[in-house]
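User: Hi! I am new to this structure and would like to learn how to read its features. Could you take me through it step by step?

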Amino acid sequence: MPERITLYTAKVCPFAHRAEIALAEAKVPYTRYEIDLQNKPDWYAPRVNPASKVPAIAYGGPDVAPDQPSPDSIKIAESLVLVEFVADLFPQSGLLPADPIKRAQARFFIEGVSSKVVPSWFGYFFGNTPVDNFYEALEYIQSLLPAKGFAIGDFSIADIAVAPILARARVSLLHDIGKYPEGDGRKVWETITTGKFARIAKYAEDVAARESVKATFDEDYVTEGLRARFARAAN
């Protein structure tokens with residue numbers, strides 16, 4: 001039987017959001033602890049994650065307050081590692097398919113998200129790379145999608161990998177938050193939701209409508225968090 005889980009997370013962080021979606025899909029109880037990314041607790045790095053990043057999980061050990069993590073619990077970090085950890089702990093969630101072909105397809109999709117979508121989106125958001133890079137990444141991911149449904153048919157770790165990025169891209173573009181040219185956000189949003197991007201636009205809608213994604217995405221909070229992040233990036 002799985003042991004107690006404490007998740008160290010931050011609402012604004014897309015990578016931490018992945019772990020929250022996975023746990024919501026598993027429908028298991030856990031303790032959630034919000035980390036202020038601008039003012040991390042002194043105990044967090046030495047006692048939870050030496051990299052001082054979220055998400056991280058403390059697994060097992062005695063029942064202690066989350067801000068007093070026990071050395072007897074197992075500490076695990078990195079969002080995609082945690083997503084697969086949850087999928088392995090709770091196979092009934094169906095997040096990791098039993099079929100080895102489907103598993104490989106899910107991991108191949110995730111590789112594309114990690115190597116193409118994530119860097120191209122944040123590169124554009126912070127004004128470091130052209131929007132064409134983001135368009136190319138979306139076209140690539142779109143080419144991997146089936147005609148309908150999720151990344152490999154049923155909802156899986158593949159969809160969890162990209163859902164938080166798509167959600168934040170939507171918020172950023174619709175509110176024109178970013179270090180890209182002022183006013184370009186809505187133009188880019190219109191481009192990636194019509195025409196040749198119609199399939200991935202529908203996919204993004206389906207992912208956003210998933211209960212586990214909706215329940216773990218505080219859009220208002222994230223919107224304000226992104227505004228604050230952009231303000232700092234611009235200084």
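Analyst: Happy to. First a term: helices (H or I, at least four residues) and strands (E, at least two) are DSSP runs, numbered from the N terminus. This is a predicted model, where local features need pLDDT of at least 70, side-chain atom pairs count only at pLDDT 80 or more, and totals for chains, interfaces and linings use all residues. Residues are numbered from 1 along each chain as its sequence is written, and side-chain values use heavy atoms, with hydrogens and water left out.

User: In what order do the four strands form the open sheet?

Analyst: In general, strands of a sheet pair through backbone hydrogen bonds, either parallel or antiparallel. Two strands count as paired if DSSP finds at least two bridges between them. Here the order is 2-1-3-4, with mixed pairing. Strand 2 (31-34) and strand 4 (74-77) are the edge strands, each pairing on one side only.

User: How many bridges join strand 3 to strand 4?

Analyst: Four, and strand 3 (residues 56-59) runs antiparallel to strand 4. For example, Ala56 has Ala77 in strand 4 as its bridge partner.

User: Which strands does helix 1 lie across?

Analyst: For the angles, axes are lines fitted to C-alpha atoms, for helices over the stretch in contact (heavy atoms within 4.5 Å), and angles run from 0 to 180 degrees between N-to-C directions. Helix 1 (residues 14-26) lies across strand 1 (5-9) and strand 2, at about 150° to strand 1. Helix 3 (residues 79-89) lies across strand 1, strand 3 and strand 4, at about 125° to strand 4.

User: How many aromatic pairs are found in the whole structure?

Analyst: A pair of aromatic rings is described by the distance of the centres and the angle of the planes. Rings of Phe, Tyr and Trp (its six-membered ring) pair if their centres lie within 6.5 Å; planes under 30 degrees apart count as stacked, over 60 as edge-to-face and the rest as tilted. The search finds 15 pairs. Among them, Trp121 and Phe125 are tilted, 5.9 Å centre to centre with 35° between the planes. Both lie in helix 4 (residues 100-125), four residues apart, about one turn of the helix.

User: Is Trp121 buried or exposed?

Analyst: Buried means under 20% relative accessible area, exposed over 50%, and partly exposed in between (1.4 Å probe, protein chains only). Trp121 is buried because its relative accessible area is 2%. Phe125 is buried too, at 1%.
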